[in-house]
Amino acid sequence: MPSEDKNTKGQLFMENGDSHRRVNKYACASVLAACIVSAMFGYVTGVMSGAQVFIQEDLGISDLQIQLLVGMSHLCGLPGSLIAGRIADHIGRRYTIIVACIAFLLGSILMGYGQPYAILMIGNSIVGVGVSFAMVVAPLYSAEISPPSSRGFFTSLPTLAVNTGFLLGYLSNYFFEKLSLRLGWRLMVAVPAVPSLCLILIMVKLVESPRWLVMQGRVGEARKVLLLVSNAKEEAEQRLREIKNVVGIDGNCTLDIVEVPKKTSSGKGALKELFCRASPAVRRILFSAVGLHLFLRLGGSAVILLYGPRVFEKTGITDKSTLMLANVGIGVSKVVFSLISIFLSDKFGRKIILLISAVGLSMTMSGLAVCLTIVEKSKEKLLWAQYLTIILTYIFVASMSIGIAPVTWVYSSEIFPLRFRAQGLSICVIVNRIFTVAVVTSFISIYKAITMGGTFFVYSGINIAALFFYTTLPETKGRSLEDMETVFERNSKQETQMKPPCPTIS
């Protein structure tokens, strides 16, 4: 009998292990549908890289107006970021995605009309609101639907979708460039109207985040969702107990509808508590999440993605079709390496991938800085510099797409405690948008003042600084969302114990 019991337990362990490793198809389908809004975010950002060339030529506007146009969607994303988390807590993650789709739909139609310049700016501003909502709610929804065993995989999908959107935007530049100048760029910017409408219809049929449902006291609905998105009933019940404990509901309570404090259900007061009364562990979480977004944007990635044709043009490439084709390579690199990254995050962990990525970014940005400095000082056209700049750009994008870009979103969407998660992620998006605006609206002016090579040397230094920051982050691979505060609290205590005691003065 004892041997039979051991065999039975071993078989149950193996079955549970298999269920944890298996990717849940319903959860995957839900996250993939939500990722369409991330793809639209990538498309509208990427398409401006090439569209700005044709907009400037067609409307006869200045470099300053182009800088403002490129930065306007990011600038107008700031108020959207401020309210996106609150709206996600108030109406739910699913309906917030629908709000983002409506913004993309209206903005794209106005941009497609695109004349005069003021209408183009208004349309781009509305699109910016959609972008900010997408940046908050897509990773949030993905993290809260996902089981802990494959959360890195699922929460990497929005980043893969963003990169796919970038590639589609670059392809749109290349193919629509062959149409008339007046029609081509208008079609480029109007395309997102179609998937926006489709996603609105899809999201009406999908499930809500189980964690948001529990925050509303709708435990019975949350249980049904968890049974759909988990691989076993035991796993669903365990996840439900953990969520209820975090919200403040007795884990053994069997009621389908439970009254929860209004403060918890609406997220009211979360921002004030996060900044003024947070525990040391939560403050560390906030610092880590904000730092990740800060270095992501200050490291030069936005410049490469939005001003790629200008960088290539600096080396002597003047043909527009060639510039658009070289830009497509950036999109291919983003998609291929972000696809690889979704299988690495749960296998090797977040921290090691960040460190490898930071090394690649520092080296390639330094190489670009040296190469462009040589080009700017040379009086002749250097063919080798054109090829080397393109290759280094692709490697830079690959290093970003396999590490810092997806892991920043995976990490920041999973580490905040449930009460602070939506609005904590909103803070991250605000920081992301502020520094994106700062970088993209000043790049042309800065490189004209200190040269493009000099500007890239600055970005290289920032990426080296980021490398040291990443070494301070605790690993979160395989931990449940409800366990993150404990992870950071334990890491803070370990760092305190490692510090040498202060010498006493006798």
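**Reading the chain and its helices**

Modeller: Of the 506 residues of the protein chain, 58% count as buried, where buried means under 20% relative accessible area, exposed over 50%, and partly exposed in between (1.4 Å probe, protein chains only). This is a predicted model, in which local features need pLDDT of at least 70 and side-chain atom pairs count only at pLDDT 80 or more, while totals for chains, interfaces and linings use all residues. Residues are numbered from 1 along each chain as its sequence is written, and side-chain values use heavy atoms, with hydrogens and water left out.

Colleague: How many helices and strands does the protein chain have?

Modeller: Helices (H or I, at least four residues) and strands (E, at least two) are DSSP runs, numbered from the N terminus. The protein chain has 24 helices and 0 strands.

Colleague: Which helices cover the buried residues of H10?

Modeller: Contact means heavy atoms within 4.5 Å. In helix H10 (residues 219-229), the buried residues are Val219, Gly220, Ala222, Arg223, Val225, Leu226 and Val229. Their cover includes helix H2 (25-59), helix H5 (117-145), helix H9 (210-215) and helix H11 (233-247).

Colleague: At what angle do the axes of H17 and H20 cross?

Modeller: Axes are lines fitted to C-alpha atoms, for helices over the stretch in contact, and angles run from 0 to 180 degrees between N-to-C directions. Helix H17 (residues 320-341) and helix H20 (residues 383-414) have axes that come within 8 Å and cross at roughly 30°. Residues of H17 that meet H20 include Leu325, Gly329 and Phe337; among their counterparts in H20 are Tyr394, Ala398 and Ile402.

Colleague: Is phenylalanine 337 buried or partly exposed?

Modeller: Phenylalanine 337 lies in helix H17 and counts as partly exposed, because its relative accessibility is 30%. Leaving aside neighbours within four places in sequence, phenylalanine 337 is in contact with Ala398, Ser401 and Ile402. The C-alpha atoms of phenylalanine 337 and asparagine 163 are separated by 9.5 Å, although the two are 174 residues apart along the chain.

Colleague: Is threonine 436 buried or exposed?

Modeller: Threonine 436, in helix H21 (residues 418-440), is buried, because its relative accessible area is 2%. Not counting residues up to four places away in sequence, threonine 436 touches His74 and Arg297.

Colleague: Which backbone oxygen does the side chain of threonine 436 reach?

Modeller: The side chain of threonine 436 reaches the backbone oxygen of asparagine 432 at 2.6 Å.

Notes. Polar contact = N/O pair within 3.5 Å; in protein donor to acceptor, adjacent residues only side chain to side chain.
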